[in-house]
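Trainee: Could we go through this structure together, with each conclusion set against the definition behind it?

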Amino acid sequence: MDLRYSEEDTEFRARARAWLQTHVPPSPRPPRGRAAADFDRAWQRKLYEHGWAGVAWPKEYGGRGLSALQQVIWYEELARARAPHHVNTTYVALMHAGPTLIARGTEEQKAYHLPRILSGEALWCQGFSEPNAGSDLASLTTRGVVDGTDIAVTGVKMWTTDAQHADFQELLVRTDPASRRHHGLTWLICDMRSPGIEVRPITTMLLDEHVNTVFYNEVRIPQANVVGEIGDGWSTALATLAFERGTGFIGDQLELYERVQRVIGLAKQVRFEDGRSAIDHDDIAERLASLKADTMAIRAMTLASIAEIDRSGVPGPKGSLMKLMVTSTHKALSEVVGDILGWEFLEFDGDRAAHPWTYDFLWSWVYTIAGGTSEIQREITADRLLGLPRAR
Amino acid sequence: MFLAPDGAEIEIADTAAKFLSRAIPLDRLHGTGASPALGASLRADFAALGWFGLVLPEADGGSGLSAVEHALFYREVGRHCGPVDILAQGLAAMVSGDRRLRAALLAGEQGVALAIEDGPTLRLLGSHDAALALHVERSEARLLDVSAIETGPRPSLDPATGMRTIVRGTPRPLAVSSGGEVWSLGQLGVAAMQVGIAETALALIVDYAKVRETFGRKIGTYQAVRHACADMALRAEAARCQLWSAAAALKERRSDAHAHLDAAKHLANRAAVMNADVDIQLHGGIGVTEEHHAHLLLKHSVLLARLFGSKRALLARLLHAEIEV
């Protein structure tokens with residue numbers, strides 16, 4: 001057990017820090033819409049051109065092939081430099097689609113898509129959830145009919161983040177109409193410009209339109225776009241989700257400590273009605289100190305999970321615990337901010353840059369629901385980590 | 001960078017686990033004949049395997065191991081609600097400057113209680129026959145001779161910990177050690193014991209949920225139980241990982257070791273007390289009986305929560321602490 005970085009890791013950190021110092025965009029990310037997507041693409045392009053794209057990807061696919069620890073170092077430095085957040089419109093492409101294609105894609109699929117993903121040229125979205133299949137994803141009903149060399153897709157997907165900006169979609173459909181649950185599903189690469197696709201934005205409580213409903217009317221997708229085997233889409237999808245719960249949150253995990261420190265700074269500045277600063281109130285001080293301990297634990301959990309990957313080669317079943325910890329800490333921190341700030345916390349028009357703390361407060365529910373709700377994470381923990389008997 | 005037990009560390013933890021489940025099984029704390037005393041014969045057993053000298057330099061007769069092995073050992077002690085005398089004895093050997101006294105402590109010939117400030121007086125935790133007591137503050141530790149003073153036993157909520165107060169007389173200091181090392185190892189040891197309690201509480205309810213049936217189903221199938229268990233697992237995981245951070249930071253003498261220790265103690269307190277609480281609740285009626293282990297974990301954890309940094313003190317320090325990346 002040790003906390004020492006090797007010379008190689010220390011040098012890597014220094015290189016990352018030096019590069020970020022001179023390359024982080026000076027202007028903030030536009031809050032929404034096409035401008036935000038363009039900003040994300042441009043930042044990804046810059047990372048790509050300077051060899052910082054796909055730090056976690058194998059070298060043969062254009063990545064840096066870094067160790068799990070160096071990935072953590074990279075994310076720590078991104079957070080430290082206040083670089084553009086990696087959960088943006090490139091997230092699904094880089095954190096889901098890319099790793100899934102690397103694991104299960106054909107050589108042709110990899111050769112075409114991976115460079116486009118890494119360079120920010122292609123944005124992806126995820127077509128898993130449906131109006132009646134969210135937590136219970138295996139009950140999905142969007143139909144794929146094998147027709148010659150194509151699969152014709154008809155149905156509805158929902159909660160599709162950034163569908164309006166995406167070039168491609170990871171699309172999970174039922175190709176065997178007689179099948180039930182997780183059998184008979186197929187994982188497809190769907191070109192979002194295909195005829196028969198309609199994207200309708202959903203306005204969320206954040207007053208933005210980052211999620212959508214996507215309608216498919218006989219959308220023809222070539223069989224060459226099947227990832228894995230026809231009928232074996234569930235196992236491909238699980239590979240994707242395990243990745244999201246395992247390592248997809250590393251950046252946020254490490255940024256939370258910095259965020260607590262910023263809120264402590266805020267609490268020193270803000271004065272309450274009694275004339276004393278917020279930090280001089282025991283309830284505020286105790287909650288913030290306790291949250292700081294939580295963020296330290298999150299960092300320790302991240303490093304411990306990397307030790308586990310080093311030992312066993314795969315992320316263990318603790319990714320769900322990590323998501324629970326990160327999202328509940330995020331929410332509790334947003335609530336403290338609400339208690340520190342006065343009425344300005346209740347000013348909100350959807351502009352993230354103008355009202356960052358209020359936006360964050362609202363975002364905390366996205367966090368505890370998207371990517372598997374907290375309840376589903378507890379179920380996964382009960383099943384896979386604790387081995388409790390199942391009722392489902 | 002490897003934040004998990006590894007190699008020889010795992011072997012030491014396994015050896016400790018085997019020894020402790022034989023030496024101090026939780027069963028010892030049940031019934032009217034239960035005794036919290038570490039006692040001369042148990043002390044000799046611990047001493048024979050060198051547990052009191054784990055972190056003492058080899059030149060002083062110890063094993064010369066680090067804060068990491070210390071944390072791993074006390075986590076196992078915690079699983080059995082091990083008496084705090086064990087920790088007091090090990091720390092006392094670090095404080096004692098006298099070779100002969102140190103040898104007697106390492107050999108378990110002398111017992112050591114933990115002395116805690118309580119208003120103007122001291123409260124002694126541990127075996128009633130201990131002639132010595134260790135009083136640890138953040139920057140100083142004092143080994144006291146309590147053999148000549150009059151003490152009175154107090155009824156202890158925690159069956160694992162004997163409790164006395166001083167009735168008359170002032171303890172005579174035998175040795176003083178300045179610097180924060182004794183405090184740090186004490187804090188780490190108690191945090192580790194709390195992690196052991198949090199893990200044991202989880203293990204007890206998970207085992208029970210797999211066999212106990214209500215309404216014709218195993219209770220482990222009910223989400224009211226499953227989700228509470230998942231939250232216990234999370235509290236234990238967070239506390240355990242932060243314990244590793246603190247142990248490694250202390251071993252490597254990092255400048256932020258104190259912040260890691262305070263965070264570890266705070267998270268371990270919370271995990272132990274809350275998991276012990278939920279363990280009783282989910283067991284239902286059987287959970288409030290004397291014969292069940294569940295209450296032992298709760299009672300021991302609320303006592304340990306007050307040692308080496310209460311919630312208030314820990315959080316006050318953490319608020320202004322900074323860690324290195």
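Trainee: What share of the contacts in chain A with a separation of 6 or more comes from residues 24 or more positions apart?

Mentor: In this predicted model, such residues account for 71% of the contacts in chain A with a separation of 6 or more, where a contact asks for C-beta atoms within 7 Å.

Trainee: How many of the residues of chain A count as buried, and why are they called that?

Mentor: A residue is called buried because 20 or more other C-beta atoms lie within 10 Å of its own, and 45% of the 392 residues of chain A count as buried.

Trainee: What makes Ala133(B) one of the residues that touch the most other members of the largest nonpolar core?

Mentor: That core has 209 residues, and Ala133(B) is listed there together with Leu91(B), Leu134(B), Cys229(B), Leu243(B) and Ala247(B). Leaving aside neighbours within four places in sequence, the contacts of Ala133(B) include Val112(B), Leu124(B), Val146(B) and Pro171(B).

Trainee: How many residues does each chain bring to the contact between chain A and chain B?

Mentor: Chain B brings 41 residues and chain A brings 39 residues; on the side of chain B, H7(B) gives the most, with 15 residues.

Definitions and conventions. Residues numbered from 1 in each chain as written. Chains lettered and ligands numbered in written order. Predicted model: local features only at pLDDT ≥ 70, side-chain atom pairs only at ≥ 80, totals over all residues. Core = buried A, V, L, I, M, F, W, Y, C linked by C-beta atoms within 7 Å. Buried ≥ 20, exposed ≤ 12 C-beta atoms within 10 Å, placed from the backbone. Contact = placed C-beta atoms within 7 Å. Helix = DSSP H or I, 4+ residues; strand = E, 2+ residues; numbered from the N terminus.
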